[in-house]
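Hi,

Here is the structure I said I would pass on. Have a look first, and my notes follow below.

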Amino acid sequence: MGGQWVGSSQTYVMELIKEFGLEVYPQYTTGQKVHHVGGPVAKARTSSTTIPALSPLVLLDLLQLVWKIDKLSATVSVENPMKTPDAHKLDSMTLHSFIEKHAWTEEMKEEMGVCSRVVFGMEPNQMSFLYFLMYAAAAGGVLFLLDSTPGSAQEFRVKGGTQQLSERLAQQIGWESVRLGQAVTAIWQDAGWAKVTTATQSYLCKEVIVSCPPHLAAKIHYQPALPSQRERLTQNMPVGHLIKFIITYQTAFWREKGFSGEIVARSSAECPLSVTFDGTSPSGSPALVGFISGVQAYEWSSRVMSERCDAVVISLVKYLGEEAAHYIHYEEKDWALEQYSGGCPVNVMAPGLLTYHHPSLRKPCGRIHWAGTETATQWCGYMDGAIQSAQRVALEVLARLCPSTLTQKEQEAVQAAQNHESGPCRPTPSKSRVHRALIITTLTVAAAVLLAKPQVCRYWIGQAWDVVMFVLCQ
């Protein structure tokens, strides 16, 4: 019921999967995808291409908006966002205000709202635009956050589930060294030691790594108090709201009917879901997995589970057919109700927070060090980012306790992290490839417009979009 997807460009988690001898399998995407965005009277559309089934004008709007966002994200210094050109200006606006200014159509504005809910569990007006650009840059581009194409966030799933990663890591260090059911209430430190206190015990140590989400780290009592910059940061990083559901069936009827199982739906009073995917297991147990997110999660979380289940099933019947009503079991998880999660998938930064407080995100406070996916510079917000942050902070602690054990390269990595030196989080598409992709797209779109047939235009823009994605993924 938690994180389940990985991608080939997520090198840290893929290396761990390989180390433990686990297997991945591709997310099922064959067939028609359902797309229902564009206001209360809009009709649901289907498409078999990567690009959504949108009208020609909205497709052009999508292309130009994604191009502008990726162009800006390519200028972002993920390690030190304030080195980004016009950083203060970008951090003073929300994602919503950027969309309002640069999107041509109302439907595109609604599309971006759906994207924000699916990726962050939040509305576009809740986060800094510079933070959004940094998040996209850490993934290699905004489209990698949304797709299941090679290198994207939803490319693979792990056979047997991702919990195996946590279990194998615990086995490596010994289960006797893992203390469950002992939430930390306070951390005390002086010139020589640190003491971590739970409800029942205290632990004396030299260094402490805090890897829980920022809003939970803020609930721990620190003595002496943390620097004001760090305090303000943790108190102003809201977490997203997602309700994840899995619904199982006797057969994968959607596959038999030519659907992929992917549905993207707009926010409405009748339909709680934002997105669904085929969740069939490697052994063939049919299922659909989906999310109620952002404002939808907020509005539906106060209702009983049976009511949410009924609404989800009605929506699936609407988009996939009557067979969706005959399910075996519905299961859901509202992560906002988990005491030691408080939401998911990630904490975001409101406007102005990066400008004044970003250095405190990773900067140690005495003997206290900070980890967690929010501190990552590659695939921030994902399991990959969490693992990257763990490797970074482990070297940070070793550099203090036993620096002689570090290689020259590791020492340089620690120094670079402390100095907030910027570097590409992953290879970005070369200008020639981007230009080539855009030229192909422009020529194809121009030809389609000349044809003046909407269905033909949608088809050729869809084909052009797939070419763009192929070029950028190479």
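Let me start with leucine 204, which is exposed at 56% relative accessible area (buried is under 20%, exposed over 50%, partly exposed in between, with a 1.4 Å probe and protein chains only). Leucine 204 sits in strand β8, residues 202–205 (helices, H or I, at least four residues, and strands, E, at least two, are DSSP runs numbered from the N terminus).

Before going on: this is a predicted model, where local features need pLDDT of at least 70 and side-chain atom pairs count only at pLDDT 80 or more, while totals for chains, interfaces and linings use all residues. Residues are numbered from 1 along each chain as its sequence is written, and side-chain values use heavy atoms, with hydrogens and water left out.

Now the salt bridges (a side-chain nitrogen of Lys or Arg within 4 Å of a carboxyl oxygen of Asp or Glu): the count is 13. One of them joins glutamate 107 to arginine 45, with the closest N and O atoms 3.5 Å apart. Glutamate 107 is in helix α5 (106–120) and arginine 45 in strand β4 (45–47), so this pair ties together parts 62 residues apart in sequence. Glutamate 107 is buried at 14%, whereas arginine 45 is partly exposed at 27%.

Another links arginine 392 and glutamate 396, again with 3.5 Å between the closest N and O atoms. Both lie in helix α15 (383–401), 4 residues apart, or about one turn of the helix. Arginine 392 is buried at 15% relative accessible area, and glutamate 396 is buried at 6%.

Cheers
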